[in-house]
Amino acid sequence: MIIRSRPQRLLTMLLSNKGSVLKSIRGRLALVLLVALLVTLGGGWLYHYKVTLTFSPFLLMGLPLAIFLGFRNSVSYDRFWEGRNLWGELLIVSRNLARQALSLPPAVDQAQAKGQVYRVLAFVYALKDHLRGGAKTDLSALLPAEELAAVEASPNRPNALLLGIAKSYAALSHQGQIAPDLMARIDDQITRLSYILGGCERIKSTPIPYSYLLLLHRTVFVYCLLLPFGLIDTVGYLTPVVVLVLAYTFFGLDALGDEIEDPFDADPNDLPLDAISRNIEINLKALLGESPLPAPLEPKDRVLL
Amino acid sequence: MIIRSRPQRLLTMLLSNKGSVLKSIRGRLALVLLVALLVTLGGGWLYHYKVTLTFSPFLLMGLPLAIFLGFRNSVSYDRFWEGRNLWGELLIVSRNLARQALSLPPAVDQAQAKGQVYRVLAFVYALKDHLRGGAKTDLSALLPAEELAAVEASPNRPNALLLGIAKSYAALSHQGQIAPDLMARIDDQITRLSYILGGCERIKSTPIPYSYLLLLHRTVFVYCLLLPFGLIDTVGYLTPVVVLVLAYTFFGLDALGDEIEDPFDADPNDLPLDAISRNIEINLKALLGESPLPAPLEPKDRVLL
Amino acid sequence: MIIRSRPQRLLTMLLSNKGSVLKSIRGRLALVLLVALLVTLGGGWLYHYKVTLTFSPFLLMGLPLAIFLGFRNSVSYDRFWEGRNLWGELLIVSRNLARQALSLPPAVDQAQAKGQVYRVLAFVYALKDHLRGGAKTDLSALLPAEELAAVEASPNRPNALLLGIAKSYAALSHQGQIAPDLMARIDDQITRLSYILGGCERIKSTPIPYSYLLLLHRTVFVYCLLLPFGLIDTVGYLTPVVVLVLAYTFFGLDALGDEIEDPFDADPNDLPLDAISRNIEINLKALLGESPLPAPLEPKDRVLL
Amino acid sequence: MIIRSRPQRLLTMLLSNKGSVLKSIRGRLALVLLVALLVTLGGGWLYHYKVTLTFSPFLLMGLPLAIFLGFRNSVSYDRFWEGRNLWGELLIVSRNLARQALSLPPAVDQAQAKGQVYRVLAFVYALKDHLRGGAKTDLSALLPAEELAAVEASPNRPNALLLGIAKSYAALSHQGQIAPDLMARIDDQITRLSYILGGCERIKSTPIPYSYLLLLHRTVFVYCLLLPFGLIDTVGYLTPVVVLVLAYTFFGLDALGDEIEDPFDADPNDLPLDAISRNIEINLKALLGESPLPAPLEPKDRVLL
Amino acid sequence: MIIRSRPQRLLTMLLSNKGSVLKSIRGRLALVLLVALLVTLGGGWLYHYKVTLTFSPFLLMGLPLAIFLGFRNSVSYDRFWEGRNLWGELLIVSRNLARQALSLPPAVDQAQAKGQVYRVLAFVYALKDHLRGGAKTDLSALLPAEELAAVEASPNRPNALLLGIAKSYAALSHQGQIAPDLMARIDDQITRLSYILGGCERIKSTPIPYSYLLLLHRTVFVYCLLLPFGLIDTVGYLTPVVVLVLAYTFFGLDALGDEIEDPFDADPNDLPLDAISRNIEINLKALLGESPLPAPLEPKDRVLL
């Protein structure tokens, strides 16, 4: 996630390279610009044939294109925001489970509660690894040794941890420390963790149908490539400028959609899973009364991962 | 579901045939192209009559058409995404039921738990068959013989299985192994399975109202067919190219909507129910501690079914 | 609901009368066509005055009109889809109540369970009558005589049935057959039935605000009526054709919105409540183990009611 | 709420004054028309300066305007529909509470149940007064005297009633008439009443941000006022007609949004809270077995309040 | 929140400065106006080069721009409205917790109930401080001394208070004053408080992805800056007026989105958290039967904070 500096200056906004999608659309922009330059120099002639395109077809084509880009935009953003909601709920449910461990039994066993809360924390980090890939967080400080082994052996670490969390809380009920009704409330929260896990997996594993993107990419590309022919007779030598501005908007929207479509990657515009995980750790340890607490993650070069 | 190769090359994107809707709109495209060619060669004359269409009416018509295609797009995608959500929840609820069987009773009877979890697995495969049609999965490895017979005799296999699942879990409560409050939590999850079944059946059995599609198909078709007459006087010999690009966009959007409207079919852009079912099987068997686990399904020729 | 034939031929699609909204917009289309013909023959002169309309105002007006039609479309479709969801949930909840009656008590009394399930079935048919109007389904085979009398005397048959259902299930709890926690789950499902009833009544009794429709109808009508004057100077003798195509789209969208706005009517594009009710009956009787089961309803002339 | 007459005649629709927003936009329409007439008579000259506006800027401006009006429309309608949903749920929850009072205790005390249900009815009428303002309904027939005094003294009558309802139902539990689990279900329904109250208060107290409306009103107004200058050179003496039609659409949409934005007022397009309250009264008294039941409210002059 | 005066006069609306976004877009408007004036005076010549821009490219660019602004608008408003919903639910849940403390135990201990309700009130004020920043509300009148110290020491005051609330209610259960089932209902409400806290934190900490805003700001700016060149040849000396109106709309929509995107700030269009908190205080103290009640906050200069 890119942190915005406030107040924002006009020049910074116009020239800043940070957070711009320029990098990922550079190639396509250059190609379109090249075509526009050639068309302008050649006056819209291709060898001996005057290309008779006018402005009209682009208006007809612009309409469905805009609608389509708008649709894709919304879908990508919804995926991003659903991902954010799931990680927001992860913070909430983690705090709930800690609160329940510390308030519901008549006599709280601090060591048992710590074990329960640490397992939840292990789930958070395991979920992050599960979504981001890359090196796995070492969970040995959070789990008893034999449980750790079982979790590491599982094809799905977070799901294996859910079973461990469930057993550690069920022990309260089996010991008669907590009435079944209240245990049922804890089971509800564990079920929410399961929904969060499944929801993240769903977003991760199901991209927007490929044919949509193919159709969109193609239409945008053909539109931008033909555009100079349609503008040269009215706009003249400014054709490359106009084409560049329009192509920047269309390709930019398209690239942005690509970037936030999978919100769990470690791209600059994606969700700061590292920072959220650390925040959960701080919250849970504060509820356990531990000190000193770990420090929140700070953005590096205005980017929070 | 089509698996996207990353990074994506420009040329692949433009020329790839995989995932393109070209195949299903070939006929209509050819027809429109033929008309465009005839109009171009004839200079917009039909026998002795000059067709006086201009660009203007198409702009007027393009507006509602774009809005309408956008609407239909959203509706189709929502159906697709709701189907995906239901199958995502199926994974979640299956894991929950397994977790509950393995953590809530003070002394877990491994054989009984396995029987319960296998019934859930049988539900997953029966639901897939129920939605996809085709050959039915053999459930004999997952169910006791007499239950299997009852299930096969039912007009709705997944619903019959729900009753079996409910009875197998209720036994825990009747044996006094589990308090009614916690049994109620399990009943909640079985109720979620029932919602998943009913939700999938609803999507499957209720298409978008036919009259919508009829109105849309007709408008798109007339639009594309008349378009050459409106373009010939300004765009000249490029008319067939422009008509082709526009028709490809409109017919393509329309065909895509048709394809994902029913997300449970075995089309390339539909949901990979086989792969999801296998994934659930792996997850459930891992929770039971079985090994070796079945392997995940791999995409064939970039398509995952 | 109209059943689509697949595969769909191009000609069928273009010429089919089934499912077309042509019938309900015939009058308005003819009027607009007549005006267009008169304008074309008169060359855009009204008595001695040349009507100086051009294409431009229609483009300005087309924009809000398209947005507005899109809005109305979405609202109508949302009502249709919410109605479908409610009836989908009715199937789900009916099955849940049957499943709970057959699995939760340690010793199921088959006759008592049948009585409970039949009351739910009576609710389904009474709800259908409540929404559709017309002749009331005879419930005497489903209810004990004295309960039937009370239900028939009530101003709201389905709501009276809910009280009967609640009492029949509460008996399980009063007899000590079922723990209060599990009875609470059953009460949850009865509460869902109550939400379904109230949701259907809300859709039925609250149309889209009348002033919206008035404004929309008027704008569409004035637009189509003035259109020939704006087209005659550029499109010439093709004016009636263009006007007809545009009017068909606008009036068609409007008429479709009208038709599905109240999804419980017995119109061709409305929900097939008869077929859904029969399907629920089949499902419930299958769970009770009855045979032979009633047959599903078949579409008549491609329409399922 | 305005009751639509069906079948609807074309002429009625075009000329009807009932339900039209004409009244509230009369002033602005007249002003714009006056400007259009002056511009037409003056041929687009302002003193000695020819106003060089053309059609183009209005097309540019029309685009964001249409999007903006569409947005505002949706937001207003969503508020209207959320208000309707809340009052729909009020009917549902009232019936649920009555059903629970009459079915859950093993031996129902009719007088006690009547007292409970009457308190719910008092809540319905108090909520209506709370939202509509105006004279307060006399609740003395529905509440015991000392409770009535406490409710009337409270700054928030419906909220004070919720406490009374909760106490009256909790008595069942304190008397041992009902298990805590089932009492918890009743508490759920009372919590829903609390959500309904809070939801209505939220809609009532939080209008759409004022700056949005300001920006929208201003843009629409400037657009309509400048429009004649842009049309006069192409449309000529028909300018006032075109301006009138466009201004009617834009101002009308704007005024409609204003009207339904606060759905609890007593405007013709707002929710018929009186009729819904009466309907709840009929339903609750029917469940209690009272007779004769009050009559439903009838629309006056096609308006139901 | 700005309080609208009703009835609203036309002149007030057009000239009012209150609630206008003019202040925040002054600079950009002035810059664009300056360019427009220079272009108008220079007749569209830049040194010796005639700038050949026409109206057409702006129409092409206006389409995606409008869609994009519409998208951003909806997202910002959704954030605003979700924030409002969360604070609306805060009122609801606070009242629920007070109601439950006062109705569920057979013998209510008034002092204990007051302590419980005051902790909830402390949560409300701590949440406001947490979101708004600035001076922290003094909670010493609402909490016992030792709890206050623990809360003040926590990195997250509202979350620390949730644990205190949970413990104060759990005491009822540990004393046997309330059955576990009903305690579970109270735990549900505390969990809702936790969701409200987490939801507000999510909105506060996750802005709309920066790259979106960057792309949007840039496109709007370039569009407005180039616009005069495109209009000068058709609109002539009126170019600055038209540019000003269009730039006001585009920049205004953009600035409004910025303002309500973070609804918890103390800007004029943001949520009146102070007033809502005071309202909750009045409601809770009325339920406790305290008097005199604090007065509602009044708007200052038509702004409620």
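Only 8% of the interface residues of chain E are also interface residues in chain A, so the two copies meet through different surfaces; contact here means heavy atoms within 4.5 Å. The model is a predicted one, in which local features need pLDDT of at least 70 and side-chain atom pairs count only at pLDDT 80 or more, whereas totals for chains, interfaces and linings use all residues. Residues are numbered from 1 along each chain as its sequence is written, chains are lettered from A and ligands numbered from 1 in the order in which they are written, and side-chain values use heavy atoms, with hydrogens and water left out.

Chain A contains 10 helices and 2 strands, where helices (H or I, at least four residues) and strands (E, at least two) are DSSP runs numbered from the N terminus. Along the sequence, the pattern of chain A reads α-α-β-β-α-α-α-α-α-α-α-α. The radius of gyration of chain A is 27 Å, well over the 19 Å that the globule rule gives for 305 residues, so chain A is more spread out than a compact globule. This radius is taken over C-alpha atoms, and the globule rule is 2.2 Å times the number of residues to the power 0.38. Taken along the principal axes, the C-alpha atoms of chain A fill a box of roughly 90 × 40 × 30 Å.

The contact between chains E and A draws 65 residues from chain E and 71 residues from chain A. About 6000 Å² is buried between chain E and chain A, and carbon and sulfur atoms give 67% of this area. Leu60(E), Tyr210(E) and Arg218(E) supply 13% of the area that chain E buries against chain A, more than any other three residues. Buried area is the accessible area (1.4 Å probe) that two parts lose on being put together, summed over both.

Across the interface of chain E and chain A there are 3 salt bridges, a salt bridge being a side-chain nitrogen of Lys or Arg within 4 Å of a carboxyl oxygen of Asp or Glu. Arg95(A) forms a salt bridge with Glu201(E), with the closest N and O atoms 2.8 Å apart. The interface of chain E and chain A also holds 17 residue pairs in polar contact (both at pLDDT 80 or more). A polar contact is a pair of N or O atoms within 3.5 Å; within protein, one must be able to donate a hydrogen and the other to accept it, and residues adjacent in sequence count only if both atoms are side-chain atoms. The elements giving two or more residues to the side of chain E that touches chain A include helix H2 (22-42), strand S2 (49-50) and helix H3 (56-103) of chain E. The largest share of that side, 17 residues, comes from H7(E). By class, the side of chain E that touches chain A has 35 nonpolar, 16 polar and 14 charged residues. Here Ala, Val, Leu, Ile, Met, Phe, Trp, Tyr, Cys and Pro count as nonpolar, Asp, Glu, Lys and Arg as charged, and the others, Gly among them, as polar.

Chain E is superposed on chain A by a rotation of 72 degrees with 0.0 Å of shift along its axis (RMSD 0.0 Å); superposition is by least squares on the C-alpha atoms of residues with pLDDT of at least 70 in both copies. Of the residues of chain E, Asp181(E) comes closest to the rotation axis, at 4.7 Å (C-alpha).

Chain D can be laid on chain C by a turn of 72 degrees and a shift of 0.0 Å along the axis, with an RMSD of 0.1 Å. These two copies are thus related as by a five-fold rotation axis. The contact takes 72 residues from chain D and 64 residues from chain C, and the area buried between them is about 6000 Å². Between chain D and chain C the count is 3 salt bridges; Asp188(C) and Arg185(D) meet through their side chains in a salt bridge (2.6 Å, N to O).

Over all chains, the count comes to 82 salt bridges. The side chains of Asp274(B) and Lys128(B) meet in a salt bridge (2.8 Å, N to O). Asp274(B) lies in helix H10 (residues 273-287) of chain B and Lys128(B) in helix H4 (residues 110-132) of chain B, so the pair ties together parts that are 146 residues apart in sequence.
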